[in-house]
Amino acid sequence: MTETSPLVRLSGVRKRYGGVRALQGASLTAASGEVHGLLGPNGSGKSTLGKVLAGSVRPDAATIEIDGEPVRIGSPRAAARLGIAAVYQQLSLIPDLSVEDNLVLGQEPGRAGFLSRREARRRARPVLERLAPALGEVHAEQPVRELAPGQQQLIEIGKALLRQPRILLLDEATASLHRDQVAVVFEITRELRDAGACILFVSHRLDEITDLCDRATILRSGETVAATAVAGIEPDEIVRLMVGDVQAVERDHGARPTGPVRLAVRGLVGGALRGVDLEARAGEIVGLGGLQGQGQSELLLALFGATSSTGEVAIDGDPVRLASPRSAAARGIALVPGDRGSQGTLPPRPIQENLTITSLRARSRAGLLSGARERAAAQSMVEALAIKIGELGDPVSSLSGGNAQKVVFGKWLLTEPVVVLLDDPTKGVDVGAKAEIYRIIRRLADAGATVIINSSEDRELVTVCDRVLVMFEGAIHAELVGDEITEERLVQAALRIGEGAQRRSGAEEAA
Amino acid sequence: MTETKAAPTRERAPITARIARVRVASWATAALLVVAVVLAIALQPSLLSPYGIASTFATFLPLVLVAVAQAVVVIGGGLDLSAGAIVALSSVVAVQVMQGSDDRALLGFAVAIGTGLACGLVNGLIVSRLRLQPLIATFATASVFSGLALLVLPTPGGTVPAVLTGTFRQAVAGVPVSVLLVVAVALGWLVVRQLRIMRHIRATGGGPAAAFASLVPVAGAQLASYAFSGIVCGLAGLAVLGNAGSGDPFIGGDLALNSVAAVVIGGVALRGGIGSPIGAIAGAITLALASTILFAIGLPTSWRALASGLVVILALALSALGAPRRQR
């Protein structure tokens with residue numbers, strides 16, 4: 001490869017989402033004729049950085065240069081004018097339009113405002129032919145809705161190829177693809193590179209990064225910590241860069257719980273889940289680790305009966321049918337979602353009503369609510385969890401994030417659950433409230449409940465968990481117990497470095 | 001892009017596959033239409049007389065047009081509850097401009113379409129730029145347009161140029177003009193749907209976020225769908241005039257809600273992205289025939305509203321049975 005001037009240069013990129021700093025001065029430099037990897041642990045901002053370049057995230061501050069020229073990229077259309085195309089795991093296909101119509105969507109050829117079907121076909125054909133070895137039997141006229149997820153992902157890639165981009169962002173674009181399909185995409189990517197394009201590649205599969213990328217930029221907590229050539233770099237070195245110098249996290253737990261097995265799950269399949277087995281004891285806090293989107297949330301939702309799944313689930317040895325959240329709650333399962341606004345609370349309703357809504361049945365007589373009993377129950381939770389409120393009658397929307405989240409905890413604690421599922425329970429909560437929530441979680445476990453917690457922060461898992469199950473592509477891939485739980489070990493396990501690195505997951509073999 | 005000969009992708013699906021892909025919803029729509037036609041003719045054979053056909057189609061035409069307009073908006077992910085009010089406003093404005101004079105018929109034509117377009121642009125700007133819910137936005141503008149119609153023509157009246165009413169009653173080569181116009185609407189759609197903007201409207205309704213990410217001008221597509229709806233409603237206003245012979249500020253009445261019902265019977269999904277105005281035309285005719293049938297079986301007037309409501313529910317349930325299930 002010849003030395004070329006950088007095609008893409010981003011620097012000082014900052015982006016906040018509410019209280020969360022996604023990017024704080026990140027930078028990226030990539031040349032034409034190179035495949036450039038973006039690496040970082042959960043929440044490091046690698047996807048956000050890509051989206052800033054692709055025009056789908058507007059940064060709070062950024063300097064962007066393309067070919068040495070400063071540019072502003074305010075929308076995907078502006079990015080397209082600069083020759084930038086992006087492919088995400090999140091598809092942008094219209095399910096009811098045909099393969100061909102989707103391929104040319106947004107750049108339909110035609111004259112005087114009318115579509116030219118023949119010209120559209122002429123343009124779509126080479127892309128479909130190039131993808132054919134990976135696509136299999138697909139008709140250009142077939143609605144995209146009929147294709148398998150992997151095929152849809154390939155059409156999404158085809159859409160970007162049709163634009164003949166100078167800069168192509170592939171953000172987890174291979175996540176839903178089979179190994180053979182990935183190989184075809186890699187072939188195409190290398191052809192593009194050799195033709196002088198710059199490809200930015202984000203993947204959770206470290207072996208794909210080392211296989212495909214020439215150089216890589218490593219991010220941590222929204223900052224760029226290194227830019228390095230990929231050839232010859234040791235996986236452990238990559239992990240060290242991703243995790244950084246970790247201060248020891250104060251782990252808040254005592255002896256390993258030895259209570260009876262409370263929750264037993266065998267062969268849970270459905271949606272993103274490809275066969276989950278787990279056992280958790282009474283009084284145990286079990287974390288779900290791994291890279292984001294490996295089925296952690298789906299597992300919790302399935303256990304709560306909110307999504308359909310098949311498999312054996314037992315509580316205290318009794319089999320449970322997970323038909324709906326109501327039946328799960330009846331068996332003592334509670335879910336505290338991370339998305340307070342849409343799932344956890346009714347923001348405009350009073351705090352008291354929010355606290356008691358899940359346990360109304362226990363507090364009503366012949367269908368009539370007792371104001372006094374309801375009030376007493378709500379008040380007990382406000383005191384137990386130290387929720388800072390004005391009046392019980394104030395709306396939940398008047399509370400801070402941390403206190404609103406405590407309301408969500410409170411409403412489920414009132415149902416006296418035996419299994420508590422926590423889905424990223426401290427998302428967007430400040431540090432002080434976090435510590436209090438950790439104490440609540442520990443108290444729950446000490447009182448004999450089984451806690452399963454998914455977190456987008458590895459540090460949180462290190463702090464609160466007795467045991468962490470690391471998920472990869474819908475299955476549990478590694479287990480860390482007690483002092484094994486460190487941020488470094490979590491990242492290694494998530495990236496399948498070490499013992500698991502060479503072993504393909506069972507699901508992939510089966511696919 | 002290198003050429004690869006391996007496993008060439010077939011471009012044209014086998015005919016059997018294409019038939020299999022025809023939505024059951026359109027079969028349900030067709031079946032309902034056939035049942036309605038057969039029942040109506042059986043109950044009222046005079047419908048088949050040349051005069052019967054001409055006058056029936058003349059009464060259908062406004063709803064057919066508004067259904068096409070509504071279909072385009074709904075496919076684009078919106079809803080136009082002001083369609084009836086636009087019909088009323090453009091018709092009374094046209095009546096006042098034409099003053100019964102044949103010389104001004106062409107001007108009246110342009111004014112009706114222009115009024116419709118203006119109303120549609122107002123709706124489109126409110127929905128696409130101010131991002132108000134289409135349901136609320138067009139509910140409010142319906143009130144505004146109806147109010148304007150009352151200001152333009154406070155009570156039913158005025159005269160429509162003879163050339164307009166006359167043409168409406170004529171026949172070309174034995175085929176009534178009203179029938180030709182309904183056919184023309186369908187054929188016109190076949191041309192219009194080839195417009196790039198129609199593809200963008202469909203994509204916007206099928207997935208606004210995906211369309212935006214695919215560089216489809218989403219706001220422009222929304223605006224265009226309402227503008228198109230306005231123009232077609234303006235045409236419907238002219239059809240109302242040709243049929244009635246005078247202006248009526250209250251003519252909008254049930255048109256908007258009937259058009260929504262027609263669109264759904266016609267297999268257009270209210271969530272957007274799916275369906276075709278051709279189905280909506282069939283839906284409109286089915287709906288109009290349903291009231292003909294209820295009239296023909298001599299149902300007392302006091303029962304008619306209740307019965308036609310039940311017919312709509314039945315028809316909607318049947319089309320819903322055939323509609324594709326949403327994936328979980």
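Strand S13 (residues 261-270) and strand S14 (residues 273-281) of chain A pair antiparallel over 7 bridges. Strands here are DSSP E runs of at least two residues, helices are H or I runs of at least four, and both are numbered from the N terminus. Two strands pair if DSSP finds at least two bridges between them.

A word on what we are looking at. This is a predicted model: local features need pLDDT of at least 70, side-chain atom pairs count only at pLDDT 80 or more, and totals for chains, interfaces and linings use all residues. Residues are numbered from 1 along each chain as its sequence is written, and chains are lettered from A and ligands numbered from 1 in the order in which they are written.

How far does the predictor trust it? pLDDT is its confidence in each residue, from 0 to 100. Chain A has a mean pLDDT of 86, with 91% of its residues at 70 or more. Residues 500-511 of chain A fall below 50; that stretch still has 16 contacts in the model beyond near neighbours in sequence. A contact means two C-beta atoms, placed from the backbone, within 7 Å. Chain B has a mean of 87, and 89% of its residues reach 70 or more. Its residues 1-11 are below 50, with 23 contacts beyond near neighbours in sequence. Where pLDDT is low, the predicted coordinates should not be read in detail. For the complex, the predictor gives an ipTM of 0.80 and a pTM of 0.76.

Now the layout of chain A. There is domain 1 (6-243), domain 2 (252-332 + 417-511) and domain 3 (340-416). Those bounds come from an automatic or database domain assignment. Between domains 2 and 3 of chain A, 11 residues of domain 2 are in contact with 10 of domain 3. On the domain 2 side, helix H16 (residues 431-446) of chain A gives the largest share, 4 residues. That side divides into 8 nonpolar, 1 polar and 2 charged residues. Nonpolar covers Ala, Val, Leu, Ile, Met, Phe, Trp, Tyr, Cys and Pro; charged covers Asp, Glu, Lys and Arg; the others, Gly among them, are polar.

Next, a sheet in chain A. It is open, has 6 strands with mixed pairing, and runs S6-S9-S10-S3-S11-S12. Strands S6 (84-88) and S12 (223-229) of chain A are at the edges with a single partner each, so one side of each has no neighbour in the sheet. Neighbouring strands are turned by 15° against each other on average, direction ignored. Inside the sheet, S3 (residues 34-39) and S10 (residues 198-202) of chain A pair in parallel over 5 bridges. A:Gly37 stands opposite A:Phe201 in S10(A). Helix H1 (residues 46-54) of chain A packs on this sheet, and its direction makes about 150° with that of S9(A). Axes are lines fitted to C-alpha atoms, for helices over the stretch in contact, and angles run from 0 to 180 degrees between N-to-C directions.

On to chain B. It has 14 helices and 2 strands. Of its 328 residues, 52% count as buried. Buried means 20 or more other C-beta atoms within 10 Å of a residue's own, exposed means 12 or fewer, partly exposed is in between, and C-beta atoms are placed from the backbone.

Where do the chains meet? 36 residues of chain A are in contact with 30 of chain B. H4(A) gives the largest share of the chain A side, 9 residues. That side divides into 18 nonpolar, 9 polar and 9 charged. Take B:Leu195, in the loop between helix H8 (177-192) and helix H9 (196-206) of chain B. Neighbours within four places aside, B:Leu195 is in contact with A:Gly113 and A:Phe114. B:Leu195 is partly exposed, because 18 other C-beta atoms lie within 10 Å.

Most residues other than glycine have a negative phi. A:Glu416, not a glycine, has a positive phi of about 50°. It sits in the loop between helix H15 (401-413) and strand S21 (419-423) of chain A. Is A:Glu416 buried or exposed? A:Glu416 counts as exposed, with 12 C-beta neighbours inside 10 Å. B:Gln99 also has a positive phi of about 50° without being a glycine. Its loop lies between helix H4 (83-98) and helix H5 (105-128) of chain B.

Terms used
pLDDT is the predictor's confidence in each residue, from 0 to 100.
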